Amino acid sequence: MTQKEKICVVGLGYVGLPTAALFATHGYEVVGVDIDHGVVGLVNGAGVHGREPGLRTLVRAAVKSQHLSAQVFPEEADVFIIAVPTPSTADKRADLSAVIAATEAVVPCLRSGDMIILESTVPPGTTAAVVVPIVERSGLKAGRDLHIVHAPERVLPGRILIELVQNDRVIGGIDRVSAERARDLYRRFVTGQIYLTDATTAELVKLMENTYRDVNIALANSFAKIGDLLGLDIWDAIELANRHPRVSILRPGPGVGGHCVAVDPWFIVEKASPESQLITTARMINDSMPTYVARSILGLLNGLPDPQVAVLGAAYKANVDDTRGSPALRIVELLAEQGCHVRVHDPHVYPNVDLMDAVQGTDCLALLVNHQEYTELNPWTLGEVMRHRVAFDAQNHLPYNLWQAAGFQVKKLGHGRDSSEESIANWMRWSERTAFQER
Ligand code: SAJ
């Protein structure tokens, strides 16, 4: 393939747009396609949705160089990259409607020699059983006339541009030639290793990665509940366990959000239910966390009439402005259902909400997302405007002793049932250990 060949990227979301912009800034002519007229207009005006670091600059460069433009329908190209969402349905099955619609949309544009790359996360077997039959409606034969590949994205929101370039990639072809051609294409900007396999293996690999993360977060969340039950500080225990050279326990939290880790494991369950008990249980544990956290907050409020709660954090995780599947927002809903008046602050999601306004007159401050901005909260200043000095910390983000010194009753997720004598005992144990380390 020469640099002059043309790529059509279908779906200008959090993966499609950066991918399109990267190819455009590496010499390709790229047409971005999205069914959303607003997105098309935004991209053509060199704008972006969301606040992904570096993306605005990259898209601006791509559009200004006239290598990237956007439109609503696909057109003839040498390569079609499909990067559309695959949410799960109410019964936890993959909703492939966007993949099917995008594939159908490219059929009239296909010519012999074209390559179709599916980047969307899908259940194992989808490329072979769903994509191939659709593209063959063009009269062209997969393998003989068309190269077809599943090349799953693996990028972490907040680090998308770095990871698109630096991460290793797994490329699965319906045959070897397809996989090799896709490898040569991605090689233009990928500096990580590129591994070739078949399409179905690549589909499963992608799902295994997010399932691995989900199961490990579920383990951390189970430990947090155990910490509460046993009355000790699980964060401390996790830190110590992680001193083992082959142990790396993840962080407990208010639940698993976003549109990947909480969804993708179900795509394995859908295809292999009898062997997916662990995966299903992990999903259920992580899904139980918002209720568990909401209950803990209600416990702290202790039946107070007309309770007011300030929730800090609405995004699905730290330092992003994305609220899709956010456990924090689910907790807000649950608290409101129980009669709490809730004010939500999040510097990324609601930049116009002032922290002091959100906290003013509340009975409990609940820190649910460990945004960078929350590392230096001043408990004295905040405490002064609150009605009661009570705090819940779902992220082990508040300096515990500082908040206690400021007169707060603090409860951390996974840190016993209350914050009184027991926490002092824990604090002393911690101090002794620090002293031991220093010796
Ligand atoms: N979380 C915890 N504890 C942790 C880590 C995460 O509770 O120790 C929570 C987060 O707060 C968040 C959720 O899990 O609610 C998911 O966050 P994440 O950072 O684990 O993952 P995503 O969804 O932002 O991105 C994942 C990544 N997958 C893996 O790390 C295996 C990314 O590389 C994938 O490309 C992305 O899914 C995707 O698109 O599939």
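Student: Which residues make the nonpolar surface patch of about 380 Å²?
Tutor: That patch is made by Ile226, Leu229, Leu230 and Leu232. Keep in mind that this is a predicted model.

Student: Is Leu230 buried or exposed?
Tutor: Leu230 is exposed, with a relative accessible area of 58%. Leu230 is found in helix H8, residues 199-230.

Student: OK, switching to the ligand. Which residues come nearest?
Tutor: There are 21 residues around the ligand, and Tyr14, Glu153, Lys206, Arg213 and Tyr316 come nearest.

Student: What does Arg213 do there, in terms of distance to a ligand oxygen?
Tutor: A polar side-chain atom of Arg213 lies 2.4 Å from an oxygen atom of the ligand. For Tyr316, a side-chain N or O atom is 2.5 Å from a ligand oxygen. Arg154 uses a backbone N or O atom, 2.8 Å from an oxygen of the ligand.

Student: And how much of the ligand does the protein bury?
Tutor: The protein buries 88% of the 770 Å² that the ligand exposes when taken alone.

Student: Now the rings. How many aromatic pairs are there?
Tutor: The count comes to five. One of them is Phe23 with Tyr186, a tilted pair at 5.9 Å centre to centre and 55 degrees between the planes.

Student: What about Phe23 and Phe189?
Tutor: That pair is edge-to-face, 4.9 Å centre to centre with 75 degrees between the planes. Phe23 and Phe189 are both buried. Phe23, Tyr28, Tyr186 and Phe189 form one aromatic cluster.

Conventions. Residues numbered from 1 in each chain as written. Predicted model: local features only at pLDDT ≥ 70, side-chain atom pairs only at ≥ 80, totals over all residues. Heavy atoms only, no water. Patch = residues over 30% accessible without salt bridge, like charges linked within 9 Å, V, L, I, M, F, W, Y side chains within 5 Å. Areas by Shrake-Rupley, 256 points an atom, 1.4 Å probe, with all protein chains shown as cover. Salt bridge = Lys/Arg side-chain N within 4 Å of Asp/Glu carboxyl O. Helix = DSSP H or I, 4+ residues; strand = E, 2+ residues; numbered from the N terminus. Buried < 20%, exposed > 50% of the residue type's maximum accessible area, 1.4 Å probe, protein only. Near = heavy atom within 4 Å. Polar contact = N/O pair within 3.5 Å; in protein donor to acceptor, adjacent residues only side chain to side chain. Phe/Tyr/Trp six-rings, centres within 6.5 Å; stacked < 30°, edge-to-face > 60°.
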